[in-house]
Amino acid sequence: CMATSPTPLLAVLVISALRLEFCLALPPRAAHTAWRCLWGCAAPRPGTLNRQHRHRRHCHCFCHIPTIDQREGGAAEVITSLFGGVDSAKALFRSSVSEKQVQRSFGFSRTAELTYGEFDLHFFFALLRVTEPRPHESFVDIGSGCGRLVLAAAIAYEWELAAGIEVLADLHALAEDAHARLAAASEDIGVALAPCVHVCGEVSDALPPLLERCPSTSVAFIYATCWPSAGPYLTELSLSLAASLKTGSRVVTVDKQLVSDDRAFGWDFQLLGRVEMANYNTYRSTGYVYELIKPSKPVNSDIASCGHTGADGVVS
């Protein structure tokens, strides 16, 4: 077959070269895994280019496997090769980019709340597991920075949409660039990527129209260590989330907690669980996972003041 038809052989050689280029960019252990599984699962059959085969979720390669451990491990390898580790020179560069723009755009007024940090991927996936993502749901990273967690979630889970909201334009540009590079290479390296979108703006302005594009419930993530709060409670953010998210949505916060409104037509953030793990930026952090329960009548920001919070996390 190959002797009489050189085209399939040429295609195999081209694909092999692309895969080799990708594997050389990975750490040795990841490169070995990637090379083995890219040949084993994505190689075309003789005489055909079976492009759809690369996107089957049941393939036993590091991004197309049935177990959640392997999906998360593969996503972590890809994201680390693209962005570097949380203590890498690339991460320090992004921190510098963030700090400079905060100074240019806001002076010292928002320095603390816009402190840049990159969240540990293993910690992130541990928190996502508690949310138990469901088919047709969407993921939103609020304060998404360079888009690192958005892309990690888009590889590990089959979201309807994976989105990030970032107020700093320079970090937003880095996120769009990283997404474009990964999307361009995804077919050749055998990575199935959920649809992604990156939005630049304040969360209060960007979140409602973004969620209008999502027909089902969502999972929201907030690395909230430096987020504005009343003590440990995210009062203003709780109102924004309750007004925008659909009931049944889950919210993950890190180091700070959401509050509920116990008045008529209020909302309830029910705590599903908490996870404490090592965190490069803070030594250790605690992640809280909530499910939003609210009545059929939409939350009205005029009647849901979040100015006072009780010790039990309920608005009073």
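How closely do the axes of helix H8 and helix H9 come, and at roughly what angle do they cross? In this predicted model, the axes of H8 (residues 203–212) and H9 (residues 235–244) come within 10 Å and cross at roughly 20°.

## The H8 and H9 pair

An angle under 35 degrees counts as roughly parallel, and H8 is therefore roughly parallel to H9. The crossing of these two helices is right-handed, and the contact is made by Leu207, Pro208 and Leu211 on the side of H8 and by Ser240, Leu241 and Ser244 on the side of H9.

## The protein as a whole

The protein has nine helices and nine strands, and buried residues make up 50% of its 316 residues. When contacts between residues at least 6 apart in sequence are considered, 70% of them join residues that are at least 24 apart.

## Helix H7

Helix H7 covers residues 169–189, which is 21 residues, and spans 29 Å from its first C-alpha to its last, a value close to the 30 Å expected at 1.5 Å a residue. Just after H7 comes Gly190, which takes a positive phi of about 75°.

The buried residues of H7 are Leu171, His172, Ala175, Ala178, His179, Leu182, Ser186 and Ile189. Leu174, which is also found in H7, has a relative accessible area of 28% and is therefore partly exposed, since buried means under 20% and exposed means over 50%.

## H7 against H3

The axes of helix H3 (residues 68–83) and H7 come within 11 Å and cross at roughly 125°. That angle makes H3 oblique to H7, and the crossing of the two helices is right-handed.

In this pair, Val78, Leu82 and Phe83 of H3 meet Ala178, Arg181 and Leu182 of H7. Two of the H7 residues in this contact, Ala178 and Leu182, are among the buried residues of the helix.

Arg94 lies in helix H4 (residues 89–106). Is Arg94 buried or exposed? With a relative accessible area of 6%, Arg94 is buried, because a residue counts as buried under 20%.

Residues up to four places away in sequence aside, Arg94 touches Phe83, Tyr116, Glu118, Cys146, Leu171 and Leu174. Among them, Phe83 also takes part in the contact between H3 and H7, while Leu171 is one of the buried residues of H7.

Leu174 and Arg94 are 80 residues apart along the chain, and their C-alpha atoms are separated by 8.6 Å. With its neighbours within four places in sequence left aside, Leu174 is in contact with Arg94 and Cys146, and Cys146 is in turn one of the residues that Arg94 touches.

## Val102, also in H4

Val102 is found in helix H4, where a relative accessible area of 3% makes Val102 a buried residue. Apart from neighbours within four places in sequence, Val102 is in contact with Gly107, Arg110, Thr111, Leu114 and Leu168.

Which of these contacts can be described by a C-alpha separation of 7.5 Å? The C-alpha atoms of Val102 and Leu168 are separated by that distance, although the two residues are 66 residues apart along the chain.

## Positive phi values outside glycine

Glu132 has a phi near 50°, a positive value in a residue other than glycine, and is found in the loop between helix H5 (121–131) and strand S1 (138–142). Its relative accessible area is 57%, and Glu132 is therefore exposed.

Asp255, likewise a residue other than glycine with a positive phi, has a value near 75°. Asp255 is placed in the loop between strand S5 (250–254) and strand S6 (260–261). At 27% relative accessibility, Asp255 counts as partly exposed, because that class takes in the values between the cut-offs of 20% and 50%.

Definitions and conventions
Residues numbered from 1 in each chain as written. Predicted model: local features only at pLDDT ≥ 70, side-chain atom pairs only at ≥ 80, totals over all residues. Heavy atoms only, no water. Helix = DSSP H or I, 4+ residues; strand = E, 2+ residues; numbered from the N terminus. Expected span 1.5 Å × (residues − 1). Buried < 20%, exposed > 50% of the residue type's maximum accessible area, 1.4 Å probe, protein only. Contact = heavy atoms within 4.5 Å. Axes fitted to C-alpha atoms, helices over the stretch in contact; angles between N-to-C directions. Parallel < 35°, antiparallel > 145°, perpendicular 65-115°, else oblique. Left-handed = near helix turned anticlockwise from the far one by under 90°.
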